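I opened this entry to record what I looked up in the structure. The notes follow the order in which I went through it.

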Amino acid sequence: MPGLQIQRRVKYQEELDADFPRRVADMPGAADLNRCIQCGTCSATCPVSSFMDLTPRRVVAMTRAGFKEEVLRSNTIWLCASCYSCTVECPKGIKITDVMYALKRLAIQERAYPRHFPTPVLAREFFHKVRQTGRSNEGQIATVMILKTNPLKLLRQIPLGLKLLVKGRMSLWTEKMSGNKRQLQDLLDYMDTHKELR
Ligand code: SF4
Ligand code: SF4
């Protein structure tokens, strides 16, 4: 994937983030990273590892070593398809899929994800739309995501979008939430400021 390759260079100990492994391990499901024996089973079993710039085994090793920038900017955490194959096969019972989710959250919090990569933009737009209206709207969210990541693609998607609109499978109008929207916003804001609850 051109443009998403990580530039690798030798890093000195003082350039690493010593607190990064602890922050990741504090997130749900990611506590057992230190048990990794670097056997590589996760990478071997991962169906999309050949497309990743860092294999799952490397993500675990680099997270433990404090390579925060490299890990959070890698495309690996966004290409992970959450198939759980690595988690099932890991001989040390490490929940690698959950580790990938933890890293995604940190990458969004720190705005360290690859620019113009659709998945993090989609996650952010979904959150904003639900917070704003109390409802999701696939048509609007997909349109904003394409405009922010690859605007030219929008032209190619117009025929498909029109078909979905005609068939009633997509709407440009957002349904109104019937309950108390303020309560939902307070809940989402609370979770946003208390990251440990996520
Ligand atoms: S399968 Fe488990 S123990 Fe082996 S490298 Fe992956 S995370 Fe580490
Ligand atoms: S959960 Fe993600 S990292 Fe693990 S095998 Fe599946 S795609 Fe690969």
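**Helix pair.** I worked from a predicted model. I began with helices H8 and H9, which are oblique to each other. H8 covers residues 118-133 and H9 covers residues 138-149; I noted that their axes come within 9 Å and cross at roughly 140°. That angle stays under the cut-off, since only values over 145 degrees count as roughly antiparallel. I recorded the crossing of H8 past H9 as right-handed.

I then listed the residues that make this contact. From H8 they are Pro118, Val121, Leu122, Glu125, Phe126 and Lys129, and from H9 they are Gln140, Ile141, Val144, Met145, Lys148 and Thr149. Sorted by type, the residues of the H8 and H9 contact give 7 nonpolar, 2 polar and 3 charged.

**Ligand shell.** Next I asked which residues come nearest to ligand 1. Of the 14 residues around ligand 1, these are Cys36, Cys39, Thr41, Cys42 and Cys90. The shell around ligand 1 holds 9 nonpolar, 3 polar and 2 charged residues. I checked which helices contribute: helix H2 (41-45) and helix H3 (56-65) each supply at least two residues of that shell.

**Cys90.** I followed up on Cys90, one of the residues that come nearest to ligand 1. I found Cys90 in the loop between helix H6 (85-89) and helix H7 (96-109).

For the contacts of Cys90 I left aside its neighbours within four places in sequence; Thr41, Cys42 and Ile96 remain.

**Whole protein.** I finished with the overall figures. The secondary structure comes to 11 helices and 0 strands, so I wrote the order of elements from the N terminus as α-α-α-α-α-α-α-α-α-α-α, with helices taken as DSSP runs. The C-alpha atoms fill a box of roughly 55 × 40 × 35 Å along the principal axes. Of the 198 residues in the protein, 24% are buried. For contacts between residues at least 6 apart in sequence, I noted that 65% join residues at least 24 apart.

Definitions and conventions
Residues numbered from 1 in each chain as written. Chains lettered and ligands numbered in written order. Predicted model: local features only at pLDDT ≥ 70, side-chain atom pairs only at ≥ 80, totals over all residues. Axes fitted to C-alpha atoms, helices over the stretch in contact; angles between N-to-C directions. Helix = DSSP H or I, 4+ residues; strand = E, 2+ residues; numbered from the N terminus. Parallel < 35°, antiparallel > 145°, perpendicular 65-115°, else oblique. Left-handed = near helix turned anticlockwise from the far one by under 90°. Contact = placed C-beta atoms within 7 Å. Nonpolar A, V, L, I, M, F, W, Y, C, P; charged D, E, K, R; others polar. Near = placed C-beta within 6 Å. Buried ≥ 20, exposed ≤ 12 C-beta atoms within 10 Å, placed from the backbone.
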